[in-house]
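Please read the following report alongside the sequence and the coordinates.

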Amino acid sequence: EAIGLYNLGQSCCLNSLLQVFLMNIFFTRILRRITVPPSPAQRRSNVPYQMLLLLEKMQCGKCKAVGPTELACCLSEHRVELFVQHDAAQLFLTLWNLLKKQMKKPELVEELRDLYTICIQERVACQKCSFEVKSKSTMLTLPLPVLDANSHRLKTLEDSLQYFFRPEELTGQNMCFCHQCGRKTTFLQSMKLVHLPQTLTLHLKRFCFERSSRTHKLSHSLSFPQELDLRQVLTESQCQAEDSEKATWQYELFAVVAHSGSASCGHYCAYIRSLTDCKWYCFNDSEVCQVSWDDVKCTYGHSNLYWRETAYLLFYMKKHPQ
């Protein structure tokens, strides 16, 4: 049963992310197998253990909502500020790093990585000679632009993904030193997708800096699908993976963390599709209600209604995992 979380004071961002973690049965399967810390002090400061206690409280209680007080106190010991506004993308990374750091069993850490980590191949190549450098890196989220280089609005998630993986020519002040040519030359920078996890997290970069150094929210409409097939979105040149890997790149939308308000003053809630009954729910702190896909689509955004809920983080789940 979907249970709410009481707001402890500007904890809507934390509450939304906790619901996304704990409604993911692949994550809770890992969480249930953690090693319980031996001493009371260690248990109080252990994020995976406190998250497990919260999960059990949510599942065993008969209340419509519970308070994540002990977990919040635990996070404050790890320099996660309480009673302040957080950025959901940054807090998601912080929570994931704390979980990974404090899970003592190597096999659980590996499973956590497999569940969330994206692998990318980066390549920079000199356009004057054959010199090139390739490297692989991992990411927890794909930070997708909502504007192109000319500040034109991207209209769909597919547009955003294609733009993120487009090759970029480094010219002028961005030229790189080529060791083969012995001087600065024009380089081509490109990224290729190597591996995608069971839970794919996409970060829509709706907050940007203006020239006045103030953060501005981009609230225009950007649609996203219920089903996402990365093989149909990206070209062959944007992928570096075996056919067996690409065969698993079919996803269904699992959750949306939405932000309402302005960049300086706002509120978060989460729309999550239950993996047990396949129904959509809105988790708004202590309030939880069943919603429709049309309700979820209201988070696409609207240029003139920036205070309305706007999708900020998208979580997709593999339809056919290996």
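## Pockets, strands and cysteines

In this predicted model, the largest pocket has a lining of 23 residues, and those that lie nearest its centre are Asp87, Gln90, Phe207, Tyr268 and Tyr312. Two or more residues of that lining come from each of helix H6 (88–102), strand S11 (207–209) and strand S15 (266–273). The space in the largest pocket amounts to about 470 Å³, and its lining is made up, by class, of ten nonpolar, ten polar and three charged residues. Because domain 1 (1–117) and domain 2 (139–166 + 199–321) both give residues to this lining, the largest pocket lies between them.

The second largest pocket holds about 370 Å³ of space. Its lining consists of 19 residues, with Glu1, Ala2, Leu22, Met23 and Gln59 lying nearest the centre. The elements that give two or more residues to this lining are helix H1 (12–22), helix H2 (25–31), helix H4 (47–60) and strand S16 (280–284), and of these H4 gives the most, with three residues. By class, the lining of the second largest pocket divides into ten nonpolar, six polar and three charged residues. Domain 1 (1–117) and domain 2 (139–166 + 199–321) both give residues to the lining of the second largest pocket, and therefore this pocket lies between them.

| Pocket | Volume | Lining | Classes in the lining |
|---|---|---|---|
| Largest pocket | about 470 Å³ | 23 residues | ten nonpolar, ten polar, three charged residues |
| Second largest pocket | about 370 Å³ | 19 residues | ten nonpolar, six polar, three charged residues |

How many disulfides does the structure hold? The count is zero. Cys60, for its part, is in no disulfide, since the nearest cysteine sulfur, that of Cys63, is 12 Å away, whereas a disulfide calls for two cysteine sulfur atoms within 2.5 Å. With a relative accessible area of 66%, Cys60 is exposed.

For Cys298, the closest cysteine sulfur is that of Cys282, and because the two sulfurs are 11 Å apart, they are too far from each other for a bond. Is Cys298 exposed, partly exposed or buried? Its relative accessibility is 47%, so Cys298 counts as partly exposed.

Lys297 has its place in helix H11 (residues 293–297). Its relative accessible area is 31%, and Lys297 is therefore partly exposed. Lys297 and Thr310 are 13 residues apart along the chain, and a distance of 9.5 Å separates their C-alpha atoms.

Notes: Residues are numbered from 1 along each chain as its sequence is written. This is a predicted model: local features need pLDDT of at least 70, side-chain atom pairs count only at pLDDT 80 or more; totals for chains, interfaces and linings use all residues. Side-chain values use heavy atoms; hydrogens and water are left out. Buried means under 20% relative accessible area, exposed over 50%, partly exposed in between (1.4 Å probe, protein chains only). On a 1 Å grid over the protein atoms alone, a cavity is a set of points where a 1.4 Å probe fits but cannot get out, and a pocket is an open set with protein on both sides within 12 Å along at least five of seven lines; lining residues have an atom within 4 Å of a point. Grid points are joined across faces, edges and corners, and a volume is the space filled by probe spheres set on the points. Helices (H or I, at least four residues) and strands (E, at least two) are DSSP runs, numbered from the N terminus. Ala, Val, Leu, Ile, Met, Phe, Trp, Tyr, Cys and Pro count as nonpolar, Asp, Glu, Lys and Arg as charged, and the others, Gly among them, as polar. Domain bounds come from an automatic or database domain assignment.
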